[in-house]
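Try each task before you read its solution.

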Amino acid sequence: MSGLVHTVQFVFGILGNVASLFLFLVPTYTFKRIIKNKSTERFSGIPYVMAFLNCLLTAWYGLPFITSNNILVTTINGTGATIELIYVLIFLLYAPNKQKRKILAIFVLVLVVFAAAAVISVLVFHGKNRELFCGIASTVFSIVMYAAPLSIIRLVITTKSVEYMPFLLSFAAILSCTSWFIYAILGMDPYIGISTVVGLTLGIVQLILYFCYCDKKILNKKTFAVEESQQNMDNGHNNDVKLYLP
């Protein structure tokens, strides 16, 4: 029976890898837009910095000298850390100076936190205590990562627009968290289980908000187009007016 459970857990670990890779790659559309416009607009860089820290700590937690049978956790989070680092560097390149300083300060703090956690886990803790320390650190910062988009949720509620909260990102987060939650249950891993429950809950909240405000996003664009055209007419450019409605 234990062999069957281990096999099923491995399958969900593979599914978790695929879903997580999809989650990591979803923001590429956002960063193509940032590079094209040479501006970060109203996108937040904090979720990417916190995702970078989470990937580092979770990859560390999955290493054989910390926990056993968690190599799938290390492989995907090592890949994720690389991808998130690229996102952070692009964000720093195109962010306004004030935002750039803020993100850079958080990024340096993230590196210090990870280095400190890694050194302490190796030099101070051993055996089960090392697993406990790394598991708690990974869980805490995973929750912080999942909570990072709360600033975007606030922006969505304030502006009544989902332009800066992509649907695919929330959907991918739900797929990833579901796969890893089942993986954690089968492997009786409370650290991965707790963090993925939080991520799953926040992902569902984001999807609910998306469906509440997605129609208003289209409406806002139409309203803006109409107002802009009316303004052009009032300024005496009636013959040059072209109205574009999605």
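**Exercise 1. A salt bridge and its two partners**

Task: Classify Arg33 by its relative accessible area, then find the salt bridge in which Arg33 takes part.

Solution. Start with the exposure of Arg33: at a relative accessible area of 22%, Arg33 is partly exposed. Keep in mind that this is a predicted model. Next, look for the partner: the side chain of Arg33 meets that of Glu41 in a salt bridge, at 2.5 Å from N to O.

**Exercise 2. The overall fold**

Task: Which secondary structure elements does the protein have, and what pattern do they follow along the sequence?

Solution. Count the elements first: the protein has nine helices and zero strands. Read along the sequence, this gives the pattern α-α-α-α-α-α-α-α-α.

**Exercise 3. Aromatic pairs**

Task: Decide which class of ring pair Phe31 and Tyr48 form, and do likewise for Phe125 and Phe133.

Solution. Two values are needed, because a pair of aromatic rings is described by the distance of the centres and the angle of the planes. The count for the model comes to ten aromatic pairs. For Phe31 and Tyr48, the ring centres are 5.0 Å apart and the planes stand at 75°, so this pair is edge-to-face. The pair links distant parts of the chain: Phe31 belongs to helix 2 (residues 28-37) and Tyr48 to helix 3 (residues 46-61), with the two 17 residues apart.

Then turn to burial. Phe31 is buried at a relative accessible area of 3%, and Tyr48 is buried at 11%.

For Phe125 and Phe133, the centres are 4.8 Å apart and the planes are at 20°, so this pair is stacked. Phe125 is partly exposed, at 26% relative accessibility, and Phe133 is partly exposed at 24%.

One more step: ring pairs link Phe31 and Tyr48 with Tyr87 into a cluster.

**Exercise 4. Patches on the surface**

Task: Which residues gather in the patch of positive charge, and which helix gives the largest share of that patch?

Solution. The patch of positive charge on the surface gathers Lys98, Arg101, Lys102 and Arg154. The largest share, three residues, comes from helix 5, residues 97-123. Lys98 is in helix 5, and at 69% relative accessibility Lys98 counts as exposed.

For comparison, look at the nonpolar patch on the surface. Phe65, Val119, Ile120, Val122, Leu123 and Val124 form it, with about 530 Å² of accessible area together. Val119 lies in helix 5 and is partly exposed, at 46% relative accessibility.

**Exercise 5. Positive phi in the loops**

Task: Where in the chain are Lys38 and Met188, and what is phi for each?

Solution. Begin with Lys38, which sits in the loop between helix 2 and helix 3. Its phi is near 55°, a positive value in a residue other than glycine. Lys38 is exposed, with a relative accessible area of 60%.

Go on to Met188, found in the loop between helix 8 (167-186) and helix 9 (190-234). Phi of Met188 is near 50°, again a positive value in a residue other than glycine. At 72% relative accessibility, Met188 counts as exposed.

Conventions. Residues are numbered from 1 along each chain as its sequence is written. This is a predicted model: local features need pLDDT of at least 70, side-chain atom pairs count only at pLDDT 80 or more; totals for chains, interfaces and linings use all residues. Side-chain values use heavy atoms; hydrogens and water are left out. Rings of Phe, Tyr and Trp (its six-membered ring) pair if their centres lie within 6.5 Å; planes under 30 degrees apart count as stacked, over 60 as edge-to-face and the rest as tilted. Helices (H or I, at least four residues) and strands (E, at least two) are DSSP runs, numbered from the N terminus. Buried means under 20% relative accessible area, exposed over 50%, partly exposed in between (1.4 Å probe, protein chains only). Patches are made of residues with over 30% relative accessible area and no salt bridge: like charges are joined within 9 Å, nonpolar side chains (Val, Leu, Ile, Met, Phe, Trp, Tyr) within 5 Å. Accessible areas come from the Shrake-Rupley method with a 1.4 Å probe; for residues, only the protein chains shown count as cover. A salt bridge is a side-chain nitrogen of Lys or Arg within 4 Å of a carboxyl oxygen of Asp or Glu. Lys and Arg count as positive and Asp and Glu as negative; His and the chain ends are not counted. The place of a charge is taken as NZ of Lys, CZ of Arg, CG of Asp or CD of Glu.
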